[in-house]
Amino acid sequence: RSRGSYVSISLCVLSFSVLNSDNNTVLGQSTSSSCASYDYIFTVGSAENPFGSCSGNGFCNNSKCICDKGWTGLSDFVNTEGLDCQIYDPAVRGLWAFDILLASIVLVKSASRVKARWENFLAGRRMARERGRHYTILENKPLIASIFYWFVLFPCLILFAIVRITKSDERVGVTFGVTFFFLICKFGFYMAGFYFYTSLFEAVLKGAIIRQSGLRTDSLIKANYM
């Protein structure tokens with residue numbers, strides 16, 4: 001149960017007058033004063049926790065949760081430290097360790113694909129120079145998406161997970177370290193997604209245009225030879 005607030009309200013009547021309906025005739029009046037006091041206790045969030053006090057993972061001391069070993073209320077964005085003990089820290093660290101494993105596997109498996117895209121870009125740039133055209137990396141959106149994924153998102157994600165494992169008091173939106181890594185990871189993710197889906201939409205539109213032009217060519221051929 002949570003803390004409450006004690007409020008004392010005093011109501012005092014110093015004087016009053018009773019008037020007729022025409023508001024001119026005084027029917028009665030009093031100049032004596034009288035006071036009455038009322039005491040109230042307002043509680044906030046007094047509903048019972050189905051798991052017990054501090055989620056059953058600690059005890060309440062002076063309206064503050066003292067968590068058992070391994071349990072904490074320190075959470076990302078909305079910090080409930082001292083109010084609850086709903087987070088099992090070893091399990092959270094285990095999930096972040098699993099995240100490091102997955103990110104490392106993705107980095108290793110995608111390295112050859114990123115390298116192939118870079119070599120294709122260099123070959124395309126050489127061909128463009130032979131034709132007298134300037135070809136920059138900004139024109140190769142899939143390569144830019146791969147660079148953001150491979151050099152920004154996944155390395156930042158691994159560093160983010162390492163900080164979360166080694167620093168038990170680091171939380172997004174609460175402390176600076178992981179909040180900074182979180183913002184960099186989000187930046188890499190959205191930039192990679194932007195360039196990837198932009199290139200995907202361009203490929204779909206080009207395919208639609210090619211199919212449409214092919215249908216027009218077929219119709220012209222049929223019209224000329226029928």
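Modeller: Two rings of Phe, Tyr or Trp (for Trp, its six-membered ring) form an aromatic pair if their centres lie within 6.5 Å; planes under 30 degrees apart count as stacked, over 60 as edge-to-face and the rest as tilted. The model is predicted, so local features need pLDDT of at least 70 and side-chain atom pairs pLDDT 80 or more, while totals for chains, interfaces and linings use all residues. Residues are numbered from 1 along each chain as its sequence is written, and side-chain values use heavy atoms, with hydrogens and water left out.

Biologist: How are the ring planes of Trp118 and Phe121 arranged: stacked, edge-to-face or tilted?

Modeller: The structure holds 15 aromatic pairs. For Trp118 and Phe121, the ring centres are 5.4 Å apart and the planes are at 40 degrees, so the pair is tilted.

Biologist: Which helix holds both Trp118 and Phe121?

Modeller: Helices here are DSSP runs of H or I with at least four residues, strands are runs of E with at least two, and both are numbered from the N terminus. Trp118 and Phe121 are three residues apart, about one turn of the helix, and both lie in residues 89-130, helix H1.

Biologist: Is Phe121 buried, partly exposed or exposed?

Modeller: Buried means under 20% relative accessible area, exposed means over 50%, and partly exposed is in between (1.4 Å probe, protein chains only). Trp118 has 38% relative accessibility and therefore counts as partly exposed. Phe121 has a relative accessible area of 2%, so Phe121 is buried.

Biologist: How are the rings of Phe176 and Phe180 arranged, stacked or edge-to-face?

Modeller: The ring centres of Phe176 and Phe180 are 5.9 Å apart and their planes are at 25 degrees, so the pair is stacked.  Phe176 and Phe180 are four residues apart in helix H3 (residues 176-225), so about one helical turn separates them. Phe176, at 66% relative accessibility, counts as exposed, and Phe180, at 41%, counts as partly exposed. The arrangement of the two rings is stacked.

Biologist: Which residues form one aromatic cluster with Phe77?

Modeller: A cluster is named by its member residues. Together with Phe77, its members are Trp96, Phe160 and Phe182.

Biologist: What pattern does the chain follow along the sequence?

Modeller: The chain has three helices and eight strands. In sequence order, they give β-β-β-β-β-β-β-β-α-α-α.

Biologist: What share of the contacts with a separation of 6 or more joins residues 24 or more positions apart?

Modeller: Contact means heavy atoms within 4.5 Å. Among contacts in the chain with a separation of 6 or more, the share from residues 24 or more positions apart is 52%.

Biologist: How much of the accessible surface belongs to carbon and sulfur atoms?

Modeller: Accessible areas come from the Shrake-Rupley method with a 1.4 Å probe, and for residues only the protein chains shown count as cover. The chain has 226 residues, and buried ones make up 23% of them. Its accessible surface is about 16,300 Å², and the part on carbon and sulfur atoms is 62%.

Biologist: Which helix gives the most to the lining of the second largest pocket?

Modeller: On a 1 Å grid over the protein atoms alone, a pocket is an open set of points with protein on both sides within 12 Å along at least five of seven lines, whereas a cavity is a set where a 1.4 Å probe fits but cannot get out; lining residues have an atom within 4 Å of a point. The lining includes Val106, Arg113, Tyr149, Trp150 and Phe196. H1 and helix H2 (141-166) each supply at least two lining residues. The top contributor, with six residues, is H2.

Biologist: What is the volume of the second largest pocket?

Modeller: Grid points are joined across faces, edges and corners, and a volume is the space filled by probe spheres set on the points. The space in the second largest pocket is about 260 Å³.

Biologist: Which residues does Arg93 contact, leaving aside its neighbours within four places in sequence?

Modeller: Arg93 is in helix H1 and, at 28% relative accessibility, counts as partly exposed. Its C-alpha atom is 8.7 Å from that of Thr166, 73 residues apart along the chain. With the neighbours within four places left aside, Arg93 contacts Arg164, Ile165 and Ser168.

Biologist: Where does Asn62 lie?

Modeller: Asn62 is not a glycine, yet has a positive phi of about 55 degrees. At 73% relative accessibility, Asn62 counts as exposed. Its place is the loop between strand S5 (58-60) and strand S6 (65-67).
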